[in-house]
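These are my notebook entries on one structure.

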Amino acid sequence: MLYSKIRTIEFELNTICNSWCPICIRYVARDDGLYLNPDMKINQKIDIALVEKIISSELIANNVGIDMIGTAGEPVAHPDFIDIIKLILKYKPDATFNIHTNGGIRNEKFFTELAHLLPRGRSRICFSLDGLEDTNHIYRKRSKWKDIEYAMSQVLSMKHKPTTL
């Protein structure tokens, strides 16, 4: 047997997002416009009970790597995101986290709580940007640079910073 435990899980937590990105699978571009993909169920979310069922399994390694990248939605947009992190840590206290965000959807309180929950030295928050203030909005439509910049500054100013930004 090559592996005795599952060592990595990628959770696609939802299809909720604050941005309209032309290359995202949530949308289709046609007739010089961007439209919701008719084949995509938008604004859906995974139930926290399903996360618990998965993460509590004995098949999952105690030091499991958790990826929340967001192929079809913004991971931190899930209304129970903080509770999901707490739940994972309840069952797998040695878990590592790799969280991607566009940075434009949550406030200071959220990022402060998240930084205190994430295991120091075993966590990463990646702000996914396409340029800076003058170009990010071209590729990540409806995103507001001031909100993104604020979120990044909050994470950088935290005493309990995740490993990287």
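**Entry 1: the buried side of α2**

I looked up the buried residues of helix α2 and found F81, I82, I84, I85, L87, I88 and L89. Buried here means under 20% relative accessible area, exposed means over 50%, and partly exposed lies in between, with a 1.4 Å probe and protein chains only. Helices (H or I, at least four residues) and strands (E, at least two) are DSSP runs, numbered from the N terminus. I then asked what covers the buried residues of α2. The cover includes α1, β4, β5 (96-101) and α3 (108-117).

I note the basis of these entries: the model is predicted, local features need pLDDT of at least 70, side-chain atom pairs count only at pLDDT 80 or more, and totals for chains, interfaces and linings use all residues. Residues are numbered from 1 along each chain as its sequence is written, and side-chain values use heavy atoms, with hydrogens and water left out.

**Entry 2: α2 against α3**

I looked up the packing of α2 and α3 and found an angle of about 5°, with the axes 10 Å apart. Axes are lines fitted to C-alpha atoms, for helices over the stretch in contact, and angles run from 0 to 180 degrees between N-to-C directions. The angle makes α2 roughly parallel to α3. By the convention used, angles under 35 degrees count as roughly parallel, over 145 as roughly antiparallel, 65 to 115 as roughly perpendicular and the rest as oblique.

From α2, the residues F81, I82, I85, K86 and L89 meet F110, E113, L114 and L117 of α3. Contact means heavy atoms within 4.5 Å. Sorted by class, the contact of α2 with α3 has seven nonpolar, no polar and two charged residues. Ala, Val, Leu, Ile, Met, Phe, Trp, Tyr, Cys and Pro count as nonpolar, Asp, Glu, Lys and Arg as charged, and the others, Gly among them, as polar.

**Entry 3: α2 against α1**

I next looked up helix α1 (residues 48-55) and helix α2 (residues 81-91), whose axes come within 10 Å and cross at roughly 20°. This makes α1 roughly parallel to α2. I recorded the crossing of α1 and α2 as right-handed; a crossing is right-handed if the near helix is turned clockwise from the far one by less than a right angle, and left-handed if anticlockwise.

In α1, the residues I48, V51, E52 and I55 meet D83, I84, L87, I88, K90 and Y91 of α2. By class, the contact of α1 with α2 has seven nonpolar, no polar and three charged residues.

**Entry 4: the chain as a whole**

I counted five helices and six strands in the chain. Read from the N terminus, the elements run β-β-β-α-β-α-β-α-β-α-α.

Along the principal axes, the C-alpha atoms fill a box of roughly 50 × 40 × 30 Å. Of the 165 residues, 44% count as buried. Among contacts with a separation of 6 or more, 75% join residues 24 or more positions apart.

**Entry 5: single residues**

I found C126 in strand β6 (residues 123-127). Apart from neighbours within four places in sequence, C126 is in contact with I99, H100 and T101. C126 and I99 are 27 residues apart in sequence and 6.1 Å apart in space, C-alpha to C-alpha.

I69 lies in the loop between β4 (60-68) and α2. It is partly exposed, at 32% relative accessibility. Beyond neighbours within four places, I69 is in contact with E10, F11, P75, N98 and H100.

D147 is in helix α5 (residues 145-156) and is partly exposed, with a relative accessible area of 28%. Leaving aside neighbours within four places, D147 is in contact with G103 and G104.

**Entry 6: positive phi**

Most residues other than glycine have a negative phi. D31, not a glycine, has a positive phi of about 50°. D31 sits in the loop between β2 (27-30) and β3 (33-36) and counts as exposed at 68% relative accessibility. N43, also not a glycine, has a positive phi of about 65°, and N43 is in the loop between β3 and α1.
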